[in-house]
Amino acid sequence: MDLSRDVNTAEAAEQSVFTAKLINVRPLVNMLKTIGFRPRAICTISSSGIVFTVEDAQCIVAQAYLRTTLFSIFDYNTQLAKERNMARLAEIDPEAHGEEVEAASETTQISLPLDNLIECLSLFYGPSGSNSFSGSGGSNQGGIQSTSGALGNQNPLDLRGATTAHIAFNGPGSDFELVLEERGIISMCRLATFMPDVPVDLEFGKFPIVQQLIIRSEWLRDAFNELDPTSDAVTLSISSTAPYFRISTVGNNGSTDMTYSKDEQILDSFYCNEEQENRYKLSQILKCRQALAMSDKTKIRVNQRGFLSFQFMIPTDVDVSFVNFVYAPLLHADELADDAVRYP
């Protein structure tokens, strides 16, 4: 089958808000899995790339950044996106003022079933190595519509090539369309999209950064492996004097305390304008382990209010991609005391 129908080439590109092509879907799948601890994600598409965002319990926000360099083709029609967003806003709220409609964003934002998206993209190299949607007909599962031209089980695991993906989206209310091709086998998937909820904003950038360091990820991986899983919280301390960086937990198995110097073999950079010691929920911190496992380096930042950011630098075949986790700190005893005075 001729893929010059590339989601029907120039004609489709004219009609679609967004079209893109990936020579190999594996880097995209790996990036999405790093934030796959929630079943649904907000997908934000702009001329600079795509951002997938998930949040949990209003205390953790994780984002996977996919820059345009990851794609062999990336075409985002900004003007058409704005027109479609304006039309959608007018449809939802017919009484919206002209200024509100005009202010419709040039950025497209939708909610997607993240688990289904990963499943679709992994179609040709799932755990069993078989095509879960193969057959002459189609299927519809959990918002997925899929048709496949797979040739039975004639694609052995050891003969797989890179899966190519063509992506198209026509604006709010439309399906998110995928055309996957590998060694002449083609599968088409459509994912239902939804209006996103108002995203949680932990306002990390609202307060100045007082601590920042870049650590080789292997050191952080070792530290996470040593953390006591029975602990409720993990404490991070960054100081301008030794020990410069400390990670500790206290649990049923005792206490764990790891300290790091400013040795260039460990830290690439170090900045501390204000000494702080903050506690975070351990189970939430550990949600970043898959991103950490794939990364070369990790940038750690803490703002004035103790909010924590892990930015993981993940190498791909064509570029370095980034996954960012932001955590809200657990309340300190003095903050609880202040709240008790304010709200007796």
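Start by selecting Phe 37, Phe 224, Phe 310, Phe 312, Phe 325 and Tyr 327: ring pairs link them into a cluster. Rings of Phe, Tyr and Trp (its six-membered ring) pair if their centres lie within 6.5 Å; planes under 30 degrees apart count as stacked, over 60 as edge-to-face and the rest as tilted. This is a predicted model, so local features need pLDDT of at least 70 and side-chain atom pairs count only at pLDDT 80 or more, while totals for chains, interfaces and linings use all residues. Residues are numbered from 1 along each chain as its sequence is written, and side-chain values use heavy atoms, with hydrogens and water left out.

**Stop 1: the rings**

By the ring rule, the count comes to 11 aromatic pairs. Zoom in on Phe 310 and Tyr 327. Their ring centres are 5.8 Å apart and their planes stand at 70°, so the pair is edge-to-face. Phe 310 lies in strand 19 (residues 308-315) and Tyr 327 in strand 20 (residues 320-327), so the pair ties together parts 17 residues apart in sequence. Strands (E, at least two residues) and helices (H or I, at least four) are DSSP runs, numbered from the N terminus.

Phe 325 is buried, with a relative accessible area of 0%. Tyr 327 is buried too, at 1%. Buried means under 20% relative accessible area (1.4 Å probe, protein chains only).

**Stop 2**

Switch to cartoon. In the order 6-2-3-4-20-19-18-12-16, 9 strands form an open sheet with antiparallel pairing. Two strands pair if DSSP finds at least two bridges between them. Strand 6 (108-113) and strand 16 (267-272) are the edges, each pairing on one side only. From one strand to the next, the twist averages 20°.

Next, select strand 3 and strand 4 (residues 60-67), which pair in the antiparallel sense over 8 bridges. Look for Glu 55: it stands opposite Val 61 in strand 4.

**Stop 3: the largest cavity**

Select the lining of the largest cavity: Phe 18, Leu 28, Ile 50, Phe 52, Leu 66, Phe 71, Leu 117, Leu 121, Ile 167, Phe 176 and Leu 178. A cavity is a set of points on a 1 Å grid over the protein atoms alone where a 1.4 Å probe fits but cannot get out; lining residues have an atom within 4 Å of a point. Strand 3 (49-56), helix 5 (114-121) and strand 10 (176-182) each give two or more residues to this lining. The lining residues divide into 11 nonpolar, no polar and no charged.

Methods:
Buried < 20%, exposed > 50% of the residue type's maximum accessible area, 1.4 Å probe, protein only. 1 Å grid on protein atoms, 1.4 Å probe; cavity = no way out; pocket = protein on both sides within 12 Å on 5 of 7 lines; lining within 4 Å. Nonpolar A, V, L, I, M, F, W, Y, C, P; charged D, E, K, R; others polar. Axes fitted to C-alpha atoms, helices over the stretch in contact; angles between N-to-C directions.
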